[in-house]
Amino acid sequence: MKRVLLAYFSRPGENYYYGDRTDLKVGNTEVLAKKIADRIACDTYRIQAADPYPHDYDATVQRNVREQDTDARPAIEGRLPSLDGYDVILLASPIWSERAPMIMTTFTEALDFRDKAVHPVTTYAMSGLGTTERDYAASCPGATVAEGLAVRGEEVNDGDTEVQAWLRRIGLPAR
C-alpha cells in the first residue's frame, strides 16, 4: 500500500467569487484537502506562512505579485515534515496569477522529493493547474510529477464526484 502525504497551503479571508468577493472562514484549498483526506489513508501537513497573508483580497494579490516578481521564498512557520517513507505527495494550493503561491516553492525546495510521485492539487478562479506541473518538475528534482486535480474555488464544496474520480484514476482508492 502506498504511503501518502497531503501537504496543503490555504488562505481564508476575503476571496474571489465569480467576479466579486466573499469572506471564507476556511480557505477553498483547505476544503478540498479535507475532502481528499476524508477519502484516503494519508497524513496531512498544513503549510503556514510565518508572515500570514492578509485577510484582504487585494492586499494578498499585491503581496503575491511582489513575491512572484522577486522570486521570493516566504518563510514557513514551524517544522517541515520528513518525506521519508512516503511514496506519494499531494501538493495542494490555490493558484494565484497562474502559479501556486511562492510559499509552495519554499516548501518543495526545502525537501527531497526524489523517487516520489507528486500530484498537484489546486483551487482556482481561471487558471486550472496553472504552471504547477512545470514548477514542481523544476523544484522537485527526481520526482515524477503525475496527474493533478484542479477544482474551481467557487465549486469546491460540490467537488466530491470530481475528487473521487481523480483518486480512482491515480490509484488511491477510497477507504
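**View A. Thr60 and its contacts.** Leaving aside neighbours within four places in sequence, Thr60 is in contact with Arg11, Tyr53, Pro54 and Trp96. Contact here means heavy atoms within 4.5 Å. This is a predicted model: local features need pLDDT of at least 70, side-chain atom pairs count only at pLDDT 80 or more, and totals for chains, interfaces and linings use all residues. Residues are numbered from 1 along each chain as its sequence is written, and side-chain values use heavy atoms, with hydrogens and water left out. Thr60 is found in helix 2. Helices (H or I, at least four residues) and strands (E, at least two) are DSSP runs, numbered from the N terminus. Where does the side chain of Thr60 reach? It reaches the backbone oxygen of Pro54 at 2.9 Å. Thr60 is buried, with a relative accessible area of 3%. Buried means under 20% relative accessible area, exposed over 50%, and partly exposed in between (1.4 Å probe, protein chains only).

View B. Helix 3 spans residues 102-110. It is mostly covered: seven of its nine residues are buried. These are Met102, Ile103, Met104, Thr105, Thr106, Phe107 and Thr108. Which elements do they pack against? The partners are strand 1 (4-8), strand 4 (43-46), helix 2 (57-69), strand 5 (88-94) and helix 4 (132-139). Thr60 of View A belongs to helix 2.

**View C. The largest cavity.** The structure holds one cavity of 30 Å³ or more. The largest cavity has a volume of about 30 Å³. A cavity is a set of points, on a 1 Å grid over the protein atoms alone, where a 1.4 Å probe fits but cannot get out; lining residues have an atom within 4 Å of a point. Grid points are joined across faces, edges and corners, and the volume is the space filled by probe spheres set on the points. Arg99, Ala100, Pro101, Met104, Thr105, Asp135 and Tyr136 line the largest cavity. Helix 3 and helix 4 are the elements that give two or more residues to this lining. By type, the lining residues divide into four nonpolar, one polar and two charged. Ala, Val, Leu, Ile, Met, Phe, Trp, Tyr, Cys and Pro count as nonpolar, Asp, Glu, Lys and Arg as charged, and the others, Gly among them, as polar.

**View D. Two cysteines without a disulfide.** The structure holds zero disulfides. A disulfide is a pair of cysteine sulfur atoms within 2.5 Å. For Cys42, the nearest cysteine sulfur is that of Cys140, 18 Å away. Cys140 is buried, at 1% relative accessibility.

Conventions:
A polar contact is a pair of N or O atoms within 3.5 Å; within protein, one must be able to donate a hydrogen and the other to accept it, and residues adjacent in sequence count only if both atoms are side-chain atoms. On a 1 Å grid over the protein atoms alone, a cavity is a set of points where a 1.4 Å probe fits but cannot get out, and a pocket is an open set with protein on both sides within 12 Å along at least five of seven lines; lining residues have an atom within 4 Å of a point.
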